[in-house]
Amino acid sequence: MEKDSKKSLVVVTGASEGIGAAIAFELARRGCDLLINARNEERLEKRAAELRSFGVNVRTEAGDIGSPETADRIFDAIEEEGLLGRELKLVNNAGIAHIGLLQDMSISEWDRLMAVNLSALFYTSRRAIPLMLRDKCGHIVNISSAWGEVGASMETAYSASKGGVDAFTRALGKELAPSGIAVNALSLGVMDTRMNDCFSEEEKEELCGGIPAGRFGRPEEAARLCADLLECDTYLTGQVIRLDGGWI
């Protein structure tokens, strides 16, 4: 990756498909260099090749972002390979779901979900913040869910993790505001992604019936709003911004 002070360098986790891929494409269209992460290396490399068609530099770092070692590899690469010199931005997008009764959930399933959905924000942010402080600028956007605000039956663990994302965002936003670093969350309603393939067509119709906009959200809509948040003035910080078609 060649150094270009005119561009931002954006780290996007969970970027091989769905909302994360849409965010990466929107950022590439806007001229941002990228460091993208996902567990599946083959799928990640394919996505990177597509993103490079926009004329931006793309580096990949495959691995489980629910592990602190993956976050360390990402930011070690940024420091060691001379990728700094631009505004560093971070999108914590990676997430997994679990549907079922809480009493049927195993401890390992709980730990796994919390590691990816919540602990990963700590792993990445603790490494990104010193680099942002060095340059006296930066943006962090955490991808959350409306379930984190209102809760969902049969998705207690997922709801709890996203409620944690919201609290993490508000608190870290206050912590970093004096340093000119913005931290916001994008709280999504029901989105048209593979994560919702677990629902039958009847269940999807029922969900749509409760959304005033009458449809699921599109990944591209979330991507555009996320990219806007990464470009906004840092006076907008500590906010959880809902994109849900008027659902809540």
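How much space lies in the largest pocket?

1. What you are looking at. This is a predicted model, in which local features need pLDDT of at least 70, side-chain atom pairs count only at pLDDT 80 or more, and totals for chains, interfaces and linings use all residues. Residues are numbered from 1 along each chain as its sequence is written, and side-chain values use heavy atoms, with hydrogens and water left out.

2. The largest pocket. About 1200 Å³ of space lies in it. Its lining has 46 residues, and Gly95, Ile96, Ala97, Thr193 and Met195 are the closest of these to the centre. A pocket here is an open set of points on a 1 Å grid over the protein atoms alone, where a 1.4 Å probe fits, with protein on both sides within 12 Å along at least five of seven lines; lining residues have an atom within 4 Å of a point. The volume is the space filled by probe spheres set on the points.

3. What lines the pocket. At least two lining residues come from each of α1 (18-29), β2 (33-38), α4 (107-135), β5 (138-145), α6 (156-176) and α7 (201-209). Helices (H or I, at least four residues) and strands (E, at least two) are DSSP runs, numbered from the N terminus. By class, the lining has 21 nonpolar, 15 polar and 10 charged residues; Gly counts as polar, while the charged class is Asp, Glu, Lys and Arg, and the nonpolar class is Ala, Val, Leu, Ile, Met, Phe, Trp, Tyr, Cys and Pro.

4. Salt bridges. The count comes to 18, each being a side-chain nitrogen of Lys or Arg within 4 Å of a carboxyl oxygen of Asp or Glu. A network of them links Glu26, Arg29, Arg30, Asp228 and Glu231.

5. A pair within one helix. Glu50 and Arg47 form a salt bridge, with their closest N and O atoms 2.8 Å apart. The two are 3 residues apart in helix α2 (residues 41-51), so about one helical turn separates them. Arg47 is buried at 17% relative accessible area, whereas Glu50 is partly exposed at 28% (buried is under 20%, exposed over 50%, partly exposed in between, with a 1.4 Å probe and protein chains only).

6. Arg127 and its partners. Arg127 forms a salt bridge with Asp72, at 3.0 Å between the closest N and O atoms. Asp72 lies in helix α3 (residues 68-80) and Arg127 in helix α4, so this pair ties together parts 55 residues apart in sequence. Arg127 also meets Asp76 in a salt bridge (2.9 Å, N to O), again linking α4 to α3, here 51 residues apart. Arg127 is buried at 16%, while Asp72 is partly exposed at 24% and Asp76 is partly exposed at 28%.
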